[in-house]
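Student: I have a new structure to look at, and I would like to learn how to read its features one by one. Could you guide me?

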Amino acid sequence: MRLLLLSAHLPPAIDGVGDYSAHLAAALYRQGVQVTLGCGRQERYTPPLGVDLWPGALEQARTRAGQWIEGLRARRCDWLVLQYVPYAFGRWGLPFFLFSLLAKVRRAGIRVAIFFHEVHIRAEENRLLSVGQQWIARRLCRQADRVFTSIPYYQQMLAALGAQAEILPVGANMECIRPTSQERARMRAQYFPGKRFIVGTFGRRPLQAVSEAIAALPDTALLIVGASTVSTLPCPMYSTGYLPATDLCRWLCCSDVFVLPDPVTSEGKGGTSLKSGSLAAAFAAALPVIGVRGDLTAPPLAHGENLWLLDDAGRAGWQTALSHLCCHTILTEHLAQGGHRLYRQHLQWEVLAKNFLRALSD
């Protein structure tokens, strides 16, 4: 089987869908699939071993579709797999060009699969824009032989648009290379002297409430792994800055607990879910995880079994949860084991690649 995975961005761009595409391509290659990664114009990128790169494929598809189709034929692609996020393919999240492009691909005898990493914004956010994104998503699905998404909430969105989508959760956005116990102890002593409890998270998260909770706890500090826009917070902290994927796990494992302050509204819209490569990364690192309950949260995520879910995502809620887990090591070990077991069963890239190929072959 020969596949083209088309994504707007790829590493080193800071983009979760690009990370997903690169990791999936590598896992598919290990399954014996010939994979090409296509993207827009971006920084120089070295694809995973055995994976072909088609730089500028997206621009060529938009401006010279016929030539681009010939490129697909020359690569003898059996499938075009579109990694879809509305705003990645159009400034206003309205990529009208895509469904006509996919129609041309199918007329060329190449099958089309779409992975909806997002479907459309909620109507209450912007009703007119939501209607436009729904119109595009519906027409994209009409040009797809297979439709995938990551969580039940998006599956229900797509069902409302007339499409049957298979769920494939998102894998870890890093390589799981754990530090030795000696290296972990050295890093903690160097960067968090005198601190007993380290709370880890990834950058580019809303961290104010978490940091205020940490500031109220003794002997506790915050570790921000990866690129971040944060400059100052009210708690003791260390931010690593940008890290290559091979170093992320080593830093994550310096933490005692990992927090995901995913946005959620007062009506409970949002929350922690398996569309997050960051959550999969924490599970891969065998860390106990604290997340936020919302309407995106669904099984197999289970409070008290494979993560701890907050109903109050304010400072008080974070402080209560962190204090509780800090004092109950048996519980944190139970959560860590449950999360890592979920990772092994559902989120390893080899598992995801096999399930993906099975779905394409059905």
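Tutor: Helix α12 and helix α13 (residues 349–361) pack with their axes 6 Å apart and at an angle of about 30 degrees. This is a predicted model, in which local features need pLDDT of at least 70 and side-chain atom pairs count only at pLDDT 80 or more, while totals for chains, interfaces and linings use all residues. Residues are numbered from 1 along each chain as its sequence is written, and side-chain values use heavy atoms, with hydrogens and water left out.

Student: Which residues of α12 and α13 make the contact?

Tutor: Contact means heavy atoms within 4.5 Å, and here Arg344, Gln345, His346 and Leu347 of α12 meet Trp349, Val351 and Leu352 of α13. Helices are DSSP runs of H or I with at least four residues, strands are runs of E with at least two, and both are numbered from the N terminus.

Student: How is a pair of packed helices described in general?

Tutor: Two packed helices are described by the angle between their axes and by the distance between the axes. The axes are lines fitted to C-alpha atoms, for helices over the stretch in contact, and angles run from 0 to 180 degrees between N-to-C directions. In this model, the axes of α11 (residues 315–327) and α12 (residues 329–347) come within 5 Å and cross at roughly 100 degrees. That makes α11 roughly perpendicular to α12, a word used for angles of 65 to 115 degrees, whereas those under 35 count as roughly parallel, those over 145 as roughly antiparallel and the rest as oblique. On the α11 side the contact is made by His324, Leu325 and Cys327, and on the α12 side by Thr329, Leu331, Thr332 and Leu335.

Student: Is serine 255 buried or exposed?

Tutor: Buried means under 20% relative accessible area, exposed means over 50%, and partly exposed lies in between (1.4 Å probe, protein chains only). Serine 255, found in the loop between α9 (245–252) and β11 (257–259), counts as buried because its relative accessibility is 3%. Leaving aside neighbours within four places in sequence, serine 255 is in contact with Arg184, Arg188, Ile198, Val199, Gly200, Leu223 and Leu287.

Student: And where is glycine 162 placed?

Tutor: Glycine 162 is in the loop between α6 (152–160) and β7 (166–167), and with a relative accessible area of 72% glycine 162 is exposed. Glycine 162 and cysteine 141 are 21 residues apart in sequence and 8.2 Å apart in space, C-alpha to C-alpha.
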